[in-house]
Amino acid sequence: MENQIVHETYGVKGMTCAACATSLQSHLESNPGINQVSVNYADNSAFIEFDPTTITFKKIQKAADEIGYQVVEYTEYDEEAEYTKRLKNLRLKLTISAILTLPVFIISMFLGETIPYTNYVLLILATPVLFWSGWEFFKIAVKKAQHLTTNMDTLVALSTGTAYIFSVFNTLYPGFFLSRGLEPHVYYESATVIITLILLGRYFEERAKFKTTGAIKKLMGIQPKFVDVEENGLARTKPITEVKRSEIFSVKPGQKIPLDGYVVEGTSYVDESMINGEPLPSSKTLSDYVFAGTINQNGILKIRVEKEMSSTLLAQIIDLVRKAQSSKPPIQKTVDRIASIFVPVVITIALISFIIWYFVGPDPQLTYAFLVLITVLIIACPCALGLATPTALMVGIGKGASLGILIRNANSLESAEKINVLALDKTGTITEGKPEVQKIIWNEKYNKEEGIRNLILLESLSEHPLSTAVIKYFDVEVPESVSDMNFINIPGEGIKGTINNKSYFVGSQQMIQNNHLKIDPQLISFEQDLIQNAYTIIYFGNKEEVLCIMGIRDSVKAGVKEAILDIKRMGVEIILLSGDNQTITGKIASELNIDQSIGGVLPSQKGEYIKNLQEQGKKVAMAGDGINDAQALAEADLGIAMASGTDIAMESAGITLMRSDIQHIRIAILLSKATVKTIRQNLFWAFGYNVLAIPIAAGILFPFTGYLLSPMIAGAAMAFSSVSVVANSLRLKRKKIN
């Protein structure tokens with residue numbers, strides 16, 4: 001028996017910057033038995049794939065704890081409670097730090113010469129700022145050092161710790177530098193202001209970061225927490241987590257349906273807009289299926305549970321969104337590699353700058369060298385770089401969910417903007433998937449009312465799928481069967497019946513020919529028109545001639561033609577792939593102005609066709625809704641499934657459209673373009689910030705302008721860079737995508 005590989009998303013506690021995510025990810029991936037790790041700083045989660053026979057979850061938790069992080073089950077991880085706790089803790093530390101830093105700054109800048117024992121006062125005020133408000137920086141930096149890794153905390157701890165130790169030394173032993181003709185400067189204000197500014201940046205970052213996970217929180221809020229379950233004829237309220245399959249529960253008008261199931265009693269209308277995007281409510285009666293999170297409108301329903309809490313469509317949607325927001329596209333993997341070497345590179349640059357300033361800088365050389373060292377360490381924060389991609393992706397994926405576009409992973413979102421070919425399945429994707437009578441003609445020599453009655457009588461006994469379309473078209477009650485009636489099904493042709501000693505036929509052209517029925521000339525021209533326009537034709541006749549001809553076709557969905565034109569305007573070539581015959585497929589393609597059509601293709605041939613397009617260098621999206629589309633959906637650069645289709649199609653696709661409207665494919669492409677554009681903007685500013693800031697911090701402007709960046713200004717600039725990246729990502733939330 002094969003080992004059961006675990007694929008699970010967990011909560012992570014203790015991450016304070018984007019480099020933390022990279023560090024935790026690389027540390028966990030180094031453990032045998034862990035196949036894949038994707039840590040997301042933006043929503044404090046980790047997707048881990050591991051073999052439980054090689055490494056247990058407890059060992060994974062222990063490995064994370066070694067470098068200062070906690071990995072917990074999502075059932076133990078209340079994101080909102082954790083956010084509230086983190087924010088409260090940050091606010092307290094920031095407040096204490098700010099209260100103590102303000103006098104340190106004022107004394108250092110303006111009152112240093114007027115207060116006795118100035119340096120000792122500054123030492124007393126600065127110590128709690130560093131070792132209470134800023135203790136987390138030092139604790140994590142030490143744990144990282146023990147495993148020969150670094151992160152942003154390493155930079156903060158090194159810079160502020162160095163400034164503090166240097167200042168304490170000069171406070172306690174001022175004579176050391178005085179005896180060498182140097183001024184014993186102290187930098188308590190630099191250390192405390194840096195800690196305060198970084199805490200302030202993290203506070204605003206935490207608040208902004210939490211907003212990017214709003215889509216999941218809103219989805220989770222849709223499902224009721226309690227259910228009114230029937231037990232022994234009595235109603236009892238139970239937590240939703242305790243309700244099992246096959247239990248019966250009731251839902252009153254205005255209440256949300258808590259679990260997926262079948263209606264066993266009652267009739268009502270249900271608002272399913274959160275599932276299908278349709279504004280009109282759906283009628284629900286006996287044996288109809290209902291979904292968790294939808295709203296019962298006007299009648300009491302009793303429902304038998306089909307899916308428990310963790311298996312409902314809503315739960316699958318939440319899991320899909322969460323996994324998508326935790327996944328990483330190729331662009332983020334590149335950024336992660338840069339971030340992992342960034343801190344060691346910065347430390348190296350800081351040390352080289354220190355050496356250069358110490359040996360060739362102006363007097364006092366040690367003071368200048370020391371200032372440059374601190375400034376470079378502070379300003380080169382990799383947080384903006386680390387936040388650039390995940391925050392934009394989370395907002396983009398969340399916005400997609402709000403528009404009824406479920407994005408399985410970040411790679412799918414990034415791929416959508418590159419698509420230049422869209423292959424469409426026909427049935428259920430661009431058509432309704434429900435054949436209906438669209439054209440009909442009667443032989444005027446016969447009684448139409450009697451003909452309809454006899455036709456409906458025969459079709460009501462047939463099990464052929466098209467029989468339902470015929471009965472639905474006439475929209476009359478099925479007549480009571482007569483005593484003198486018999487019925488024969490003739491495979492491949494249709495049905496033959498006798499009613500009141502009169503013979504009738506319903507079926508294909510083959511049946512009409514085999515029974516030598518005549519067709520009136522008026523009906524012949526109508527028949528030819530149906531053939532030319534790729535209708536499925538049904539004939540109804542007596543033993544002498546055809547009484548009626550019906551043209552049946554699957555209706556094209558409303559708005560499809562306009563959507564196809566809109567997608568083509570974006571430079572995307574469209575191809576129609578169908579298992580239906582080429583005549584019907586080609587006719588529909590022609591009506592919709594689709595570039596190319598291929599009919600009569602098997603599921604495996606669809607996949608092969610997608611491969612051939614990719615070998616030509618094309619980026620292909622495939623949209624479908626059936627099991628027969630699953631291979632092509634998985635093969636394509638981007639698979640797009642209709643939520644009205646099968647679970648297998650949805651599992652194979654990268655994007656699921658909750659509303660089966662291909663106009664949403666265009667919206668998905670536009671959303672991808674907007675998201676990738678936001679990522680590029682974020683990366684430009686993050687890289688640009690570091691490219692410009694590090695040389696300035698190292699003193700490159702000093703020989704020309706005499707300007708040297710202050711460590712305090714460096715701390716403020718670093719905090720601003722992270723907050724600005726998150727703010728730019730949040731702009732996407734308000735962007736109109738149409």
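Author: Axes are lines fitted to C-alpha atoms, for helices over the stretch in contact. Keep that in mind for this predicted model.

Reader: How are two packed helices described, and what is the angle between H20 and H25 here?

Author: Two packed helices are described by the angle between their axes and the distance between the axes. Here helix H20 (residues 560-569) packs against helix H25 (residues 663-697) at about 25°. Their axes are 8 Å apart. Angles under 35 degrees count as roughly parallel, so H20 is roughly parallel to H25.

Reader: Which residues make the contact of H20 and H25?

Author: H20 brings Glu562, Ala563, Asp566 and Ile567. H25 brings Gln663, Ile665 and Arg666. By type, the residues of this contact of H20 with H25 are three nonpolar, one polar and three charged.

Reader: Now strands. What is the order of the open sheet of four strands?

Author: Strands of a sheet pair through backbone hydrogen bonds, either parallel or antiparallel. This open sheet has the order S2-S3-S1-S4, and its pairing is antiparallel.

Reader: Which strands stand at the edges of the sheet?

Author: Strand S2 (34-40) and strand S4 (70-72) do. Each has a single partner strand, so one side of each lacks a neighbour in the sheet. Direction ignored, neighbouring strands of this sheet are turned by 30° against each other on average.

Reader: How many bridges pair S1 with S3?

Author: Strand S1 (residues 6-13) and strand S3 (residues 45-50) pair over six bridges, in the antiparallel sense.

Reader: Take strand S15. Which of its residues lie on one side and which on the other?

Author: In a regular strand the side chains alternate between the two faces of the sheet. In S15, Val421, Ala423 and Asp425 lie on one side, with Leu422 and Leu424 on the other. Both faces are covered. Five of the five residues of S15 (residues 421-425) are buried, so this strand is largely enclosed by the rest of the structure.

Reader: Which strands pair with S15?

Author: Strand S22 (residues 573-577) runs parallel to S15, joined by five bridges. Aspartate 425 stands opposite leucine 577 there. Strand S24 (residues 620-624) also pairs with S15 in the parallel sense, over four bridges. There, valine 421 stands opposite valine 620.

Reader: And how many helices and strands has the protein chain?

Author: The chain has 27 helices and 26 strands. Of its 738 residues, 53% are buried.

Note on methods: Residues numbered from 1 in each chain as written. Predicted model: local features only at pLDDT ≥ 70, side-chain atom pairs only at ≥ 80, totals over all residues. Heavy atoms only, no water. Axes fitted to C-alpha atoms, helices over the stretch in contact; angles between N-to-C directions. Parallel < 35°, antiparallel > 145°, perpendicular 65-115°, else oblique. Contact = heavy atoms within 4.5 Å. Nonpolar A, V, L, I, M, F, W, Y, C, P; charged D, E, K, R; others polar. Pairing = 2+ DSSP bridges. Buried < 20%, exposed > 50% of the residue type's maximum accessible area, 1.4 Å probe, protein only.
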